[in-house]
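Me: Hi! Could you walk me through this model? I'd like to go over a few local features together.

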Amino acid sequence: MNLAAPRSLFGRMVWVLLTGLIVAQLLSMAIHRHERSRTVARINSLMAAQRIRDIVTLLDSANNDSRKLIVAVFRQSDFHVTLAKDNTETMSGDWRYELHNPFLRPALHDLLGVNYSPNILTSGTDPQTFRVQVHLQDGFRVDIQFRLADETVSWPSHMLLQLLILVSSVLGLSLIAVRWVTRPLLRLANAAEELGKDIHRAPLDESGPAEVIRAAHAFNTMQARLGRYIQDRTRLLAAISHDLKTPVTRLRLRTELLDDPILREKFEKDLDEMESMVIATLDFMRGVDQQETVQPLDIMALLESLQADAWEMKHKVNILGTTALSPFPGKPMALKRCINNLIDNAIKYGQSATIQIQDNANQLTLIISDQGPGIPNEQLEQVFEPFFRLESSRNRDSGGTGLGLSIARNIAQAHGGSLILKNAMNGGLEAILTLPRHRDIF
């Protein structure tokens, strides 16, 4: 099973620090354990060599009777001592001259000196069992068999506790340090996400490390430039609209003087369309540059007011589903405009509108459906583009300038939500407006 690295920068930095710390500590403990094992082996070998020296010195200075008593005593200990009169070296059993212990031979030679030449044998079945043969001054041979403690040293409990304390301490400090470092990045990411929904949001706090201050300053500069650009574009379109009123009014007056009624009707239609496009463009720009404050909004009251307005115009609007659970935090005029555009769209192309409410603790969903001809699937996203109109039933002759859906989606996105279109299974079109409840987006 492959272990994937964490996706967040915070998780990755903690993962790298923790992994590096554990690996470094394990390697350090392994080296320490190896050195400790060698130290234990050196000490055990030196102690064994000192004991062998004492035995050899004691036997070499004793008479035959005393030697028998000494040998008898040592037969009951972990050092098995035998004394042979002949000078032949016995190699019975599985004994060999290969010595895996690098400390025993030098220790024996140093302690016994030049007067004794010990032979050191190792058991073939147990590398820690040794046999040392030493010739005394009178020709007797002392045969000493013993076993050293294993060189492998278990992990001390205090070292494991030390590792646990160290890892816990460093991990805690790493979490604090990494969170401290990554918090400005998270704040910058949230600000970038909010910027697309509210260009007039409060600027970032330019504090912290030099790199963070520089990034925050660059972000605030970009936000200010975008805000000025949108304001300049809105003012430009407003000025164009104002300037167009005078020539449009003059053209209307001149149109009234035309004697040909057919030509006069064509002129009036073109002027109405021109005025409608200018007004719709200004409405679209106001939707983009929306500065309305957020307020708790009674969704049911809003829907019922829109339903009442539609009934006064002899239009069919039905509300289905449960009522909204609680007031929704939003921009009242913007949401009213968004939902009203969707209702008008349904009535205009489907003769009626049905609003279905789906509400829970996480999000509010409104589904506005009609019984119209629907939209080709390949154009469900294209209709959200400004001034785009279908060439069939949904065209300019049937009303609209192609900005209603664009305005509605901009408002939905400004609330952190989404707006999608879907052809219903039983015919007609569904506009699905989804608005999250618990999200700090303004």
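**A chat about the model**

Me: Where is Gln 351 found?
Reply: Gln 351 sits in the loop between H8 and E9; helices (H or I, at least four residues) and strands (E, at least two) are DSSP runs, numbered from the N terminus. This is a predicted model, where local features need pLDDT of at least 70 and side-chain atom pairs count only at pLDDT 80 or more, while totals for chains, interfaces and linings use all residues. Residues are numbered from 1 along each chain as its sequence is written, and side-chain values use heavy atoms, with hydrogens and water left out.

Me: Nice. What is the phi of Gln 351?
Reply: Its phi is positive, about 65°, although Gln 351 is not a glycine. Most residues other than glycine have a negative phi.

Me: And is Gln 351 buried or exposed?
Reply: Gln 351 counts as exposed, because its relative accessibility is 58% (buried means under 20% relative accessible area, exposed over 50%, partly exposed in between, with a 1.4 Å probe and protein chains only).

Me: What about Lys 314, what is its phi?
Reply: Lys 314 has a positive phi too, near 65°, and is a residue other than glycine. Lys 314 is in the loop between helix H7 (299–312) and E7, and is exposed at 74% relative accessible area.

Me: Switching to the sheet: what is the strand order?
Reply: The order is E7-E9-E10-E12-E11, in an open sheet of five strands with mixed pairing; two strands pair if DSSP finds at least two bridges between them. Strand E7 (316–321) and strand E11 (418–423) are at the edges with a single partner strand each, so one side of each has no neighbour in the sheet.

Me: How many bridges join E11 to E12?
Reply: Six, and the two strands run antiparallel, with E12 covering residues 429–436. Ile 420 has Ile 432 in E12 as its bridge partner, and Asn 423 stands opposite Leu 429.

Me: What's in the turn of that hairpin?
Reply: Five residues lie between E11 and E12, and Gly 427 in the turn has a positive phi of about 100°.

Me: Which helix lies across E11 and E12?
Reply: That's H9 (residues 404–414), running at about 135° to E11. For such angles, axes are lines fitted to C-alpha atoms, for helices over the stretch in contact, and angles run from 0 to 180 degrees between N-to-C directions; contact means heavy atoms within 4.5 Å.
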